[in-house]
Amino acid sequence: MNYTLDFTPVIEGMPNLLTACLGTFMLAISGMLLATVIGIGGVVLRTSKIKLLRWLVIGFVELIRNTPFLVQIFFIYFALPLAGIRLDPTPTAIIALGINGGAYAIEIIRGGVQSISKGQMEAGLALGLHKAQVFRLIILKPALRAIFPSLTSQFVLLTLTTSIASAISAYELTSVSQRIESDSFRSFEVYFTVTAFYLVISWLMMRLFAFFSARYFAYPVK
Amino acid sequence: MGQDEFFFLLMGLKWTVALSAIGFVCGCVAGLGIALARTSGVPLVERITAGYIALFQGTPLLMQLFVVYYGLALVGIKVDAWAAVSVGLTLHASAYLGEIWRGAIEAVPRGQTEASKALALGYVSRMKDVVLPQALRISLPATIGFLVQLIKGTSLASIVGFTELTRAGNIISNQIFQPLTVFGIVGILYFVMCCPLTIYGAHLERKFAASVR
């Protein structure tokens, strides 16, 4: 074994890598927002009275959950221009991440809505609360609290999934590191460092979610 | 898209199945070790395995494959792409399965362990005959869910340069310039592999929930 590790290209590329971390954050947060919107919309459709709509949502969820993100992002990347929508790789990646995360969010949010029993609403009204108060305090908050752990761990997974967006060369950490790697051939050093970056990013995400949870959902259950 | 192209995709599919099988079987063996170490009661061992699990759950699979791929070459082990990817998938699966099974082992009521201790069963027998069979049952839906995730994860081997289903799709799509058809078919092939597993997992979960009630 006569290979010496050389981190010089990594150190030289550090400013680029750190900016790319922001790109990853941006991608992840936009993806999460879109996923939440799709998730809520999907649940509304999923509980609609029209059978066809319900089945469409079920089909969408199963289709997304049973195919790899890489294939989805390729498909969307090639499908959008055919539909007359010309977008850069980064917005395309956000759409793909939102659609993928949205399918998982639908299932999670549906579970939260189902966890609220009708009796709670009736009890709130009986205690003389307004309808709006009942919705905010008795429906929304417990539902959010019930789904918060699974939704946020899904969001951490989404953050890790952003690395796959490098396949269509969206601007994020993995694609930038691939560029440094192909310039310097210091593959192991580059990817080792970037892996550590991802570890920090996902740790930060988890801390952030835990902070929110402690700030807004810290009250006893029973 | 003609017959030859479709046949090429099927060759890729064969590798996807092989990678998934290798990753899952080896991951199960290693994952069992991780789960047992994680619940061993020895603080240092538990700390180390917790770190191992956090490491793999906190980084993208793509990066894990890159690091293993180039790391193996670095320590002088010359292996083919498929072997490097198999090692990467095995490590990844061992961490996730280890965490799933840790939860399952801890979900087995304490009384079971206490009763088998009272019956003077040793550690091996206690685990093999009492705790693990119950834990396996509890963990089955989550384990199947992870298998689906692993099958989908093998698609990342294409970025490392190994010709499995997704990369076969890439190659064909570059040849015949019909990306939507090709990736549509590739997606359907993945769906056909994963969907029965998902349905089976959901079925088991319902069955288990009903039996608990």
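User: How many of the contacts in chain B with a separation of 6 or more come from residues 24 or more positions apart?

Analyst: Two residues are in contact if their C-beta atoms, placed from the backbone, lie within 7 Å. In chain B, residues 24 or more positions apart make up 76% of the contacts with a separation of 6 or more. Keep in mind that this is a predicted model, where local features need pLDDT of at least 70, side-chain atom pairs count only at pLDDT 80 or more, and totals for chains, interfaces and linings use all residues. Residues are numbered from 1 along each chain as its sequence is written, while chains are lettered from A and ligands numbered from 1 in the order in which they are written.

User: What pattern does chain B follow along the sequence?

Analyst: Helices (H or I, at least four residues) and strands (E, at least two) are DSSP runs, numbered from the N terminus. Chain B has nine helices and zero strands, so the pattern reads α-α-α-α-α-α-α-α-α. Its C-alpha atoms fill a box of roughly 70 × 45 × 25 Å along the principal axes.

User: How do I read the crossing of α1(B) and α2(B)?

Analyst: Two packed helices are described by the angle between their axes and the distance between the axes. Axes are lines fitted to C-alpha atoms, for helices over the stretch in contact, and angles run from 0 to 180 degrees between N-to-C directions. Here α1 (residues 3-38) and α2 (residues 43-57) of chain B have axes that come within 8 Å and cross at roughly 135°. The pair is therefore oblique (under 35 degrees is roughly parallel, over 145 roughly antiparallel, 65 to 115 roughly perpendicular, the rest oblique).

User: Which residues of α1(B) and α2(B) meet?

Analyst: From α1(B) come B:Ile34, B:Ala37 and B:Arg38, and they meet B:Val45, B:Glu46, B:Thr49, B:Ala50 and B:Tyr52 of α2(B). By class, that's five nonpolar, one polar and two charged residues (Ala, Val, Leu, Ile, Met, Phe, Trp, Tyr, Cys and Pro count as nonpolar, Asp, Glu, Lys and Arg as charged, the others, Gly among them, as polar).

User: And between the chains, how many residues of chain A are in contact with chain B?

Analyst: 30 residues of chain A touch 31 residues of chain B. On the chain A side, α3 (51-65), α4 (69-82) and α9 (187-216) each supply at least two residues, with the largest share, 10 residues, from α9(A). That side divides into 21 nonpolar, seven polar and two charged residues.
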